[in-house]
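Thank you all for coming.

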Amino acid sequence: MSIRVKKKITIMAPLVSLTLIVASCSMMKDDRTDCPDCRNPLHVTLRYDYNTMRANMFSDHVEEATVYVVDAETGNVVDQQTAQNSTTEQPLRNPSFGFNFEGLTPGNYRLYATGRSQADQPFNIVTPAIAEAISKLQFSVPVSTVNGLATEGTQEWSTADGLRLDTLWNTLQPIDIVLPESEPVEATIPLMRLTNDLNVMVFHRDTPADNGHERYDVSVTDETTKLSYDNEPAAGETASLTYRPFAAWTTETTVPGNNGTDSIAERNAHYDLSLFRLISHSDTRHNPRLIISNRETGREVVNVDLCYYLALARNAYELQHYSQQEYLDREYDYRLDFGFEGSGNQEKWKTMTISINVLSWSIRIQNEEL
C-alpha cells in the first residue's frame, strides 16, 4: 500500500508544478498591463509599391519618413515618429526597417505616413503636432509671385528656374488598427508618390542642325498648388501655377566631313521639369497643360492637355486596366519628344513620341490637325 501512495504523490507533483507555472505566466501578463512603457507594442513598416512596376521601392527611394498614430474617433495625432538617412547612418535602406511605438493605451487607431527625398527646392509642409488633427497636414509647392493678382482674382505663381523639387510621398490609404490589452500589433502603411519627373525633347525634322534649348520656353501650367492629407487639392485654393525647367541643355550628333572635320548633323533641345501630383479633372479645362513657345517669335508652338497625352502610355500596361488617374499616380518618370517643322509663324509640331524607358516602349502620335 505504501507503494501505491508513493506513486500517487509522484504523479501529482508535476501537476502542481504545471499549475504554478500557468498561474505565474498569468500574473506576468497582468503585470505588463500595469506598465505603460511596455504594453501594446506597435510595429509599423512602410511600403511603396503603388507604381507601374508594382515593386516595393521604399528602401531605395525614400530618405526621410514620418508615421502618425491617430485616434480613430477624434482624428487627432496621439503619437508620431520620424526617421531619416544621413551620411553616416541610413536606417531606411534596411528592407526590414520599421517604427516601434510603445505605451499606447488600448483602443482604435488610424495610421498615416509621409516620406521625402531631399532635392534643391523643398516643399512647404504643414505638419500636425501631438493632439492636433491629422487634417492639418498639407503640402504646398514652393513658389514665387509672377504677375500678382490676375483678372479673375486668382494668384499666379511660378517655380524657380534651375531648382528641382523634392520628391514626396504620402499615405495611399490609412490603416485602421485595434490595440488590445498587452498584445503586439504589426501594420504596414502603403505610400503614394506625389511628385513627377518630366523630360521634354524638341528636334527639327526639316532643319535638324538648326536647333537648341535657348530657342524655346518650356513650361507646365496647373491649378493645383496645395494638397491635403488625403492627396486631394486643398479646399479654397484657386491659383495659377507655372512650372519651369530645373535643367535645359542641347545635344549634338556629328558626322565625319570630307575635309577630316566633323559637321553637326542634328541638334536636340532637352528640358527637365519636376511636377506636383498630376490630377485629371472631369472638366479638362482645369488639367495641367504643357506649353512650348518660340522665344524669337513669342508664339506658342505646343499647348496640349498634359494628363491626356501622358495617360496614353497606360496602354503599355493594358492587362492592369489602369484608369487615367491611377496610371498618373503610379507612373512618375515621363518623356515626351516633339518633332517640329517650319520656322517663324509657320513653325508647327508634327509628331509626339511618348516613351516608357523601363519597358523600351513608345507610342508615336502624328499631329494631323496641322
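How many helices and how many strands are there in the chain? In this model, which is a predicted one, the chain holds 4 helices and 23 strands. Of its 370 residues, 41% count as buried, and the chain exposes about 19400 Å², of which carbon and sulfur atoms supply 49%. If we take the contacts with a separation of 6 or more, residues 24 or more positions apart account for 66% of them.

Let me turn to the interior. In soluble globular proteins, nonpolar side chains tend to be buried together. Here the largest nonpolar core has 55 residues, and the members that touch the most other members are Leu198 and Phe338. Helix α3, which covers residues 306–311, gives the most to this core, with 5 residues. A second, separate core has 27 residues, among them Tyr48, Val69, Leu104 and Ala187. Going back to leucine 198 and leaving aside its neighbours within four places in sequence, we find contacts that include Val220, Tyr271, Leu273, Leu306, Leu310, Tyr334 and Leu336.

Next, the aromatic rings, where the count comes to 10 aromatic pairs. Tyrosine 317 and tyrosine 322 have ring centres 6.1 Å apart and planes at 50°, and because that angle falls between 30 and 60 degrees, the pair counts as tilted.

Phenylalanine 338, which we met in the core, pairs with tryptophan 349 in an edge-to-face arrangement, with 5.6 Å from centre to centre and 85° between the planes. Phenylalanine 338 and tryptophan 349 are both buried. Since phenylalanine 338 lies in strand β21 (residues 333–341) and tryptophan 349 in strand β22 (residues 348–356), this pair ties together parts that are 11 residues apart in sequence.

Is asparagine 367 buried or exposed? Its relative accessibility is 11%, so asparagine 367 counts as buried, given that the cut-off for buried is under 20%. Not counting residues up to four places away in sequence, asparagine 367 touches Trp349 and Lys350, and a polar atom of its side chain lies 3.2 Å from the backbone oxygen of tryptophan 349.

How values were computed: Residues are numbered from 1 along each chain as its sequence is written. This is a predicted model: local features need pLDDT of at least 70, side-chain atom pairs count only at pLDDT 80 or more; totals for chains, interfaces and linings use all residues. Side-chain values use heavy atoms; hydrogens and water are left out. Buried means under 20% relative accessible area, exposed over 50%, partly exposed in between (1.4 Å probe, protein chains only). A polar contact is a pair of N or O atoms within 3.5 Å; within protein, one must be able to donate a hydrogen and the other to accept it, and residues adjacent in sequence count only if both atoms are side-chain atoms. Contact means heavy atoms within 4.5 Å. A nonpolar core is a set of buried Ala, Val, Leu, Ile, Met, Phe, Trp, Tyr and Cys residues joined through side-chain atoms within 4.5 Å. Helices (H or I, at least four residues) and strands (E, at least two) are DSSP runs, numbered from the N terminus. Accessible areas come from the Shrake-Rupley method with a 1.4 Å probe; for residues, only the protein chains shown count as cover. Rings of Phe, Tyr and Trp (its six-membered ring) pair if their centres lie within 6.5 Å; planes under 30 degrees apart count as stacked, over 60 as edge-to-face and the rest as tilted.
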